[in-house]
Amino acid sequence: MPTPATTDIALVGAGIMSATLGAILRRLEPDATITVIERSGAAAGESSGPWNNAGTGHAGLCELFYTPQKPDGSIDIAKAVRVNEQFQVTRQFWAYAVQDGLLGQPRDFVNPIPHVSFVHGVDGVDYLRRRHHALADHPLFGGAEFITDFAEFAARLPLMAAGRNPDLPVALDWAPDGTDVDFGALTRQLIGYGVRHGTTVLFDHEVRTLSREPGGGWTLDLRNRRTGQRRRLNAKFVFLGAGGGTLGLLQKSGIGEARGFGGFPIGGRFLRCGDPEVTSRHRAKVYGAPAPGAPSTTAPHLDARVVDGASWLLFGPFAGWSPKFLKHGRAMDLPRSVRLDNVMSMLGAGMGERELVGYLIGQLRRTHSARVDELREFIPDALDRDWSAIRAGQRVQVIRNGRLEFETTIVSATDGSMAGLLGASPGASTAVPAMLEVLARCFPGRLADWMPTLREMVPSLGIRLSDEPALFAQVWEWGNRQLQLS
Ligand SMILES: Cc1cc2nc3c(=O)[nH]c(=O)nc-3n(C[C@H](O)[C@H](O)[C@H](O)COP(=O)(O)OP(=O)(O)OC[C@H]3O[C@@H](n4cnc5c(N)ncnc54)[C@H](O)[C@@H]3O)c2cc1C
């Protein structure tokens with residue numbers, strides 16, 4: 001094999017995580033050599049692609065699973081606040097990136113749209129009212145309206161009101177300042193910025209294995225998936241942003257910090273409608289409550305989307321199952337991920353999640369009509385023929401200590417030469433704080449030098465905006481202006 005090529009920084013995978021880290025590092029270290037290695041022929045072909053996720057800029061505004069009810073009946077808002085704080089970091093970076101020309105027209109990747117929680121039935125309305133009051137005084141959640149009046153419901157959500165019995169109790173919590181995000185377009189723009197400034201991208205190249213170099217850094221074995229040719233790349237720092245492929249690569253790296261982790265794949269489908277007669281009657285992202293026994297990530301939602309300038313409606317997700325860790329992965333992904341160090345943990349999670357397994361089996365049996373029936377809870381008059389099923393991205397939920405987790409987790413080597421991101425929730429919306437954490441863990445010695453630029457990127461860096469309403473108002477206004485979200 002030829003002598004390995006070298007790079008300072010190797011980013012594995014061309015999804016939103018590598019794209020974000022690559023753009024930040026490009027700015028911080030203009031002279032560094034950066035190489036992105038992507039197994040498919042284009043960026044954002046997996047979870048970050050617009051049809052593989054729901055495009056919600058998750059800020060905790062409408063997702064009921066971020067505000068569970070405690071045993072005493074009070075509402076726990078901690079997670080919604082945490083997710084919102086994380087999204088504010090992401091939003092500031094996007095504002096900076098538009099202002100400084102890393103990104104082009106904001107409308108190409110982000111659109112303003114109300115985020116709405118939706119419940120029906122007396123208990124649901126009671127829960128939503130308490131949730132609304134619990135969040136109402138919080139500085140990051142001001143401006144939401146609680147709506148129970150059916151006429152108002154119908155004025156705001158005509159598609160969801162048509163054919164609905166006005167005598168049955170319904171409620172909305174209406175947050176006007178949400179976003180719809182095309183994470184695929186965003187990924188491509190960020191990668192494009194890197195390429196214009198010297199980053200190399202190797203498409204159709206898969207990282208097969210990676211091993212530590214005795215003098216520090218890593219050697220990556222790559223295979224060109226079109227020609228079959230093998231090559232090697234030496235890198236001082238490696239980020240594994242391979243989505244569902246990250247777990248396997250972490251395991252191959254042999255770093256102790258990856259021991260014990262397992263993964264459980266959950267696929268999914270959406271129903272999609274592009275008929276202007278239908279899409280023009282719904283301008284909101286509306287989230288309901290997850291079904292009993294279902295994972296929080298499968299809470300049903302009806303999303304207005306803008307992709308490549310066209311309006312769409314998306315409903316789902318309907319959970320599915322396949323042993324693949326990537327949508328375009330291999331059936332052996334799950335069995336190959338079972339190792340001596342994680343087998344007990346995976347078995348433990350399997351035993352503890354029988355309700356989830358039952359739920360997934362039920363979902364797999366669903367026919368198109370059964371899925372549209374579920375949609376009718378949101379759109380009573382929905383017609384089967386207006387909606388078609390599309391396959392969503394594959395999530396690999398983290399298994400650790402015998403439990404299934406629904407969060408994102410960063411795993412990093414103690415010497416800072418490698419980091420990888422596992423899990424998929426809240427996902428792309430928190431790419432910026434996640435990648436800033438990678439920098440803090442892996443480049444502690446460079447942070448002081450980088451701090452002025454990092455503060456330009458995220459003016460509130462290190463500050464809880466919940467405690468600083470004046471600063472929040474300032475960065476919010478700046479974000480609105482740059483991203484044209486007012
Ligand atoms: C159904 C669904 C709905 C979602 N909804 C939302 C939402 O509304 N809002 C939100 O913020 N997030 C959402 N998410 C989560 C979000 O999509 C993901 O967190 C995010 O896209 C992950 O980005 P990534 O860069 O880590 O991975 P990916 O986008 O999956 O990219 C990984 C890349 O690595 C490549 N790769 C894999 N293995 C290798 C290898 N060995 N060598 C080279 N390349 C490799 C893959 O081909 C892929 O291009 C959703 C996810 C799903 C599945």
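Mentor: Start with the elements. Helices (H or I, at least four residues) and strands (E, at least two) are DSSP runs, numbered from the N terminus. This is a predicted model, where local features need pLDDT of at least 70, side-chain atom pairs count only at pLDDT 80 or more, and totals for chains, interfaces and linings use all residues. Residues are numbered from 1 along each chain as its sequence is written, and side-chain values use heavy atoms, with hydrogens and water left out.

Trainee: What makes a space a cavity, and what makes it a pocket?

Mentor: Take a 1 Å grid over the protein atoms alone. A cavity is a set of points where a 1.4 Å probe fits but cannot get out. A pocket is an open set with protein on both sides within 12 Å along at least five of seven lines. Lining residues have an atom within 4 Å of a point. Points are joined across faces, edges and corners, and the volume is the space filled by probe spheres set on them.

Trainee: How many cavities of 30 Å³ or more does the rule give?

Mentor: One. The largest cavity has a volume of about 60 Å³. Its lining includes L11, S18, V36 and T199. Helix α1 gives the most to that lining, four residues.

Trainee: Why is S337 called buried?

Mentor: Buried means under 20% relative accessible area (1.4 Å probe, protein chains only), with exposed over 50% and partly exposed in between. S337 has 3%, so S337 is buried. S337 is found in helix α9.

Trainee: What does the side chain of S337 reach at 2.7 Å?

Mentor: The backbone oxygen of L334. A polar contact is a pair of N or O atoms within 3.5 Å; within protein, one must be able to donate a hydrogen and the other to accept it, and residues adjacent in sequence count only if both atoms are side-chain atoms.

Trainee: Which side chain has an N or O atom 2.6 Å from an oxygen atom of the ligand?

Mentor: That of S48. For H58, the side-chain N or O atom is 3.4 Å from a nitrogen atom of the ligand.
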